[in-house]
Amino acid sequence: MSYNHFFPTSIKNALSNDPPGAWIPKIPTDCIRLHRGYPASSLVPYDEIKSAVNTLIDNEHDLPLHYLGSAQVGLLKEKIQRRLSERGIVVKDAELLVTSGSSQALDLIARTLLDQTAVVFMEAPTYMEALETFKNYTKQVISVPIDEHGLKVDVLETLLLKRKQEQLPMPRFMYTIPSFHNPSGVTMNPERRHRLLQLASTFDFLIVEDDAYGELSFSEKPIPLKVTDPEQRVLHVGSLSKVVAPGMRIGWIAGAEKLVSACNWFKKDLDHPFAQATIGTYLQHTDLEQHITQLRNAYRSRRDVLVAALEQSMPEYVKWTIPGGGYFVWLHVPNVDTSLLLEKSLSEGVSFIPGKYFFLTPSEGKYYLRLSFSYEEPERMVEGIQKIGELITENYT
Ligand SMILES: Cc1ncc(COP(=O)(O)O)c(C=O)c1O
């Protein structure tokens, strides 16, 4: 039976896109997984989370297992609020919504702000899952390029002016990952941040600031866009996935009360009180600053290992930028179709993500690839880079 006639047009449009997760490589066993944007196993606070679960159940018995959960759910929100204010983002209770990971935050934002005619601006390249999410709601996604200093605000301005002249609708929002961008690793400089905020005001659009990696700085700490947002145009989206544990699914939206409460309208009970209470308890007994400092040091040294391995193993024409934080290094491999390279690489037992998945127009990413230095242990990372370097040298040089 065809079920097609049951779907509304908007859903049919969404279902004509690639299925979710089409970018995940099918890896052989014991593959060196340089595609994975996961925290390192050794850096997930397993013991502390285990004892938070025990404390919660011992102290509160079945309470955390009910719909409303324990009071520790509220404690988590308080802790997030406090952490944000330490970073200069001061939000009231009603301006902060805890979500099931930042993925839910992005989906809720799309759900409340987009319809089939709405225009969204995104960076090129951008986080492939955000691209997937927004494409589920509208076909009107427009790319704005980045360079080593982040979003090219001059191109953005030209695009906006042109739309204004042609009387085309302005974007509902510009989605950006200003700090330690996924996949490129770059950080938007302060001048461009300032300009982006000005443009949002002049042309009347919102900014969705995805700050998934913002805390993982290796030297300079970038100042979030939300810190200087007098008109409340920024929806700041954050996550504990990269600094605590992704499986706990803790994220949030901080922004104008009206926007946040619209998102809450649709969130309903679609999040996880038990996970939230567990992480609330964990944060009560943890020095988060100390934990994040440890992560910064660990990931900085992993980045250095990866970059040194690239210098050793890659032919001279391969280029990359050195990220000041986050999880990723982005490679430009001129004239090498990285999808074909991946097939060869997987047969050698090494994975990465071909650049095409990070672009609205996949051909723009043909000669790029993303490597992650967060997940694999350093020796395996070096082995993986050596193999990719050999493949490029043997097949394309
Ligand atoms: C830029 C970016 N935003 C959001 C997410 C999703 O994170 P979460 O686990 O909080 O849903 C990721 C995860 O890879 C990411 O890289």
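Over residues 49–381 the chain is 42% helix and 17% strand, with end C-alpha atoms 27 Å apart. Helices are DSSP runs of H or I with at least four residues, strands are E runs of at least two, and both are numbered from the N terminus. The span 49–381 carries the UniProt annotation "domain: Aminotransferase class I/classII large", from an unreviewed entry. Such annotations may be inferred rather than shown by experiment.

This is a predicted model: local features need pLDDT of at least 70, side-chain atom pairs count only at pLDDT 80 or more, and totals for chains, interfaces and linings use all residues. Residues are numbered from 1 along each chain as its sequence is written.

| Domain | Residues |
|---|---|
| domain 1 | 25–45 + 290–396 |
| domain 2 | 46–284 |

Their centres, taken over C-alpha atoms, are separated by 25 Å. Domain 1 puts 28 residues into the contact and domain 2 puts in 32. Contact here is C-beta atoms, placed from the backbone, within 7 Å. On the domain 1 side, α10 (288–313) and β11 (328–332) are the elements giving two or more residues. Helix α10 gives the most, with 6 residues. That side divides into 16 nonpolar, 7 polar and 5 charged residues. Ala, Val, Leu, Ile, Met, Phe, Trp, Tyr, Cys and Pro count as nonpolar, Asp, Glu, Lys and Arg as charged, and the others, Gly among them, as polar.

The largest nonpolar core has 105 residues. Such a core is a set of buried Ala, Val, Leu, Ile, Met, Phe, Trp, Tyr and Cys residues joined through C-beta atoms within 7 Å. Buried means 20 or more other C-beta atoms within 10 Å of the residue's own. Helix α4 supplies the largest share of this core, 6 residues. Each domain gives the core at least three residues. F134 is among the members that touch the most others, as are I109 and L331.

F134 is also one of the buried residues of α5. In helix α5 (residues 128–137), 8 of 10 residues are buried. These pack against α4, β3 (120–124), β4 (141–147), β6 (173–176) and β7 (206–210). Leaving out residues up to four places away in sequence, F134 touches A110, V120, M122, V141 and Y175.

**Ligand shell**

The ligand is surrounded by 13 residues, the closest being G101, S102, S103, S239 and S241. A residue qualifies as near if its C-beta atom, placed from the backbone, lies within 6 Å. Helix α4 (residues 101–113) gives the largest share of the shell, 3 residues. The shell holds 4 nonpolar, 8 polar and 1 charged.

Definitions and conventions
Domains from an automatic or database assignment. Contact = placed C-beta atoms within 7 Å. Buried ≥ 20, exposed ≤ 12 C-beta atoms within 10 Å, placed from the backbone.
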